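Subject: Structure for you to look at

Hello,

I am handing over the structure we spoke about. Please look at it first; my notes follow below.

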2 protein chains.
Amino acid sequence: MSDSRIEVPEVVVERLPQYLRALLLLEESRIEVISSQELGALLQVTPAQIRKDFSYFGKFGKQGSGYDVNHLVEQLRQILGLHRTWNVAVVGVGRLGRSIISYPGFQSQGFRVVCAFESSDKLIGQMAGGLLVHDFANFKEVSQSENVNIAIVAVPASAAQDVIDQLVEGGIRAILNYAPKPAIVPSNVKIRNVDPVISLQSMTYHLNNVDQNNGTDC
Amino acid sequence: MSDSRIEVPEVVVERLPQYLRALLLLEESRIEVISSQELGALLQVTPAQIRKDFSYFGKFGKQGSGYDVNHLVEQLRQILGLHRTWNVAVVGVGRLGRSIISYPGFQSQGFRVVCAFESSDKLIGQMAGGLLVHDFANFKEVSQSENVNIAIVAVPASAAQDVIDQLVEGGIRAILNYAPKPAIVPSNVKIRNVDPVISLQSMTYHLNNVDQNNGTDC
């Protein structure tokens with residue numbers, strides 16, 4: 001790490017793809033300039049928060065004249081490293097793993113699933129979504145020869161921490177975890193959990209309150 | 001809606017399940033009391049933010065003595081409406097839909113997938129994950145007779161908005177959208193997007209920066 005690099009808070013980094021997503025929708029609608037007020041309204045974030053988040057990366061717009069949407073999209077893509085393709089390994093090729101391998105949203109966004117791994121003898125050597133299923137015991141050598149940058153974990157909760165430990169051991173520094181259990185990783189490894197229950201639970205808050213107000217059960 | 005009900009900001013509602021998740025892990029570790037400092041450190045949120053978020057719902061702890069973990073878990077479960085079971089419909093029974101139906105994390109958290117829907121003639125009337133697949137054209141009547149509260153959308157991006165419009169028309173007010181495309185809903189309907197690409201993009205930021213520092217490609 002160089003001393004000149006400013007440490008950007010993790011929450012800011014996590015917001016950048018959301019800004020990019022909103023800006024891409026604006027581009028599709030042929031909107032060329034947007035104010036931080038308008039962008040904030042779209043994303044339910046205060047304009048001051050948006051300006052502060054962007055300030056970590058230099059000036060993206062002039063005071064009072066708004067942001068050039070195309071320019072901002074290009075800047076965010078550069079910052080996030082989206083000007084290149086990232087190679088992804090999927091670990092676990094049960095139903096979930098297979099649906100991840102065939103998910104159309106990855107390839108179109110520059111995430112190429114290049115190899116798949118399993119521990120089950122029944123599945124090793126078979127094909128899953130057009131990929132040969134490798135023995136997870138060979139993860140390190142296969143993933144290195146395939147230039148894998150990111151691993152997606154689609155194994156049962158009970159196996160997740162062991163698998164993740166082996167991914168870290170194999171040199172992986174970015175992990176997307178679909179197992180319904182949080183895992184512990186060293187500080188130089190980034191992990192994100194895909195956790196649909198968290199999303200459901202923030203909606204039942206609303207259903208629950210409406211139910212109470214209406215006195216009905218549905 | 002009653003006038004006495006305080007409008008809680010959506011971002012606060014979205015954080016509550018994350019607090020609950022962390023507190024449940026503390027319970028598992030038999031930790032009985034925790035300060036807002038410690039809880040904040042666990043979740044990368046400032047202690048002041050935690051105290052402010054909790055203040056919308058009354059007092060959960062005494063100044064200086066920390067939060068009683070069991071009590072706080074119980075309060076959050078009440079607020080989020082997790083003391084009951086919620087019935088879920090899955091729309092789309094391709095590979096993704098089937099993996100959602102069999103996802104073990106839902107049932108254990110009180111979300112019961114009770115029915116499945118499809119528009120494809122080939123799949124209607126078949127079984128998927130132990131459930132009979134209904135014709136989506138009959139969504140309203142079937143979902144009402146099954147007391148469905150929440151719908152999960154697992155259809156291709158191109159079909160998502162149409163399907164979601166019909167869910168809203170059918171009386172659904174909480175939607176979890178797995179289609180890789182945001183959708184528009186009326187303000188009285190809550191929607192959350194499961195978007196793994198957003199998570200991947202916030203990790204490539206780090207990979208990209210390490211790559212630049214090390215001058216290597218992996």
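Between chain B and chain A there are 14 residue pairs in polar contact, counting pairs with both residues at pLDDT 80 or more. Please keep in mind that this is a predicted model.

On the side of chain B that touches chain A, the elements giving two or more residues are the helices α1 (10–28), α4 (69–80), α5 (95–101), α6 (104–107) and α9 (196–214), together with the strands β9 (174–177) and β10 (190–193). The largest share comes from α9(B), with 18 residues. By type, that side of chain B divides into 34 nonpolar, 20 polar and 13 charged residues.

There are also two salt bridges between chain B and chain A. One of them joins B:R21 to A:D195, with the closest N and O atoms 2.4 Å apart.

As for extent, the contact takes 67 residues from chain B and 66 residues from chain A. The two chains bury about 6,500 Å² between them, and 63% of that is on carbon and sulfur atoms. Within chain B, the residues that lose the most area to chain A are B:Q201, B:M203 and B:Y205, which together make up 10% of what that side buries.

Regards

How values were computed. Residues numbered from 1 in each chain as written. Chains lettered and ligands numbered in written order. Predicted model: local features only at pLDDT ≥ 70, side-chain atom pairs only at ≥ 80, totals over all residues. Heavy atoms only, no water. Contact = heavy atoms within 4.5 Å. Buried area = accessible area lost by both parts, 1.4 Å probe. Salt bridge = Lys/Arg side-chain N within 4 Å of Asp/Glu carboxyl O. Polar contact = N/O pair within 3.5 Å; in protein donor to acceptor, adjacent residues only side chain to side chain. Helix = DSSP H or I, 4+ residues; strand = E, 2+ residues; numbered from the N terminus. Nonpolar A, V, L, I, M, F, W, Y, C, P; charged D, E, K, R; others polar.
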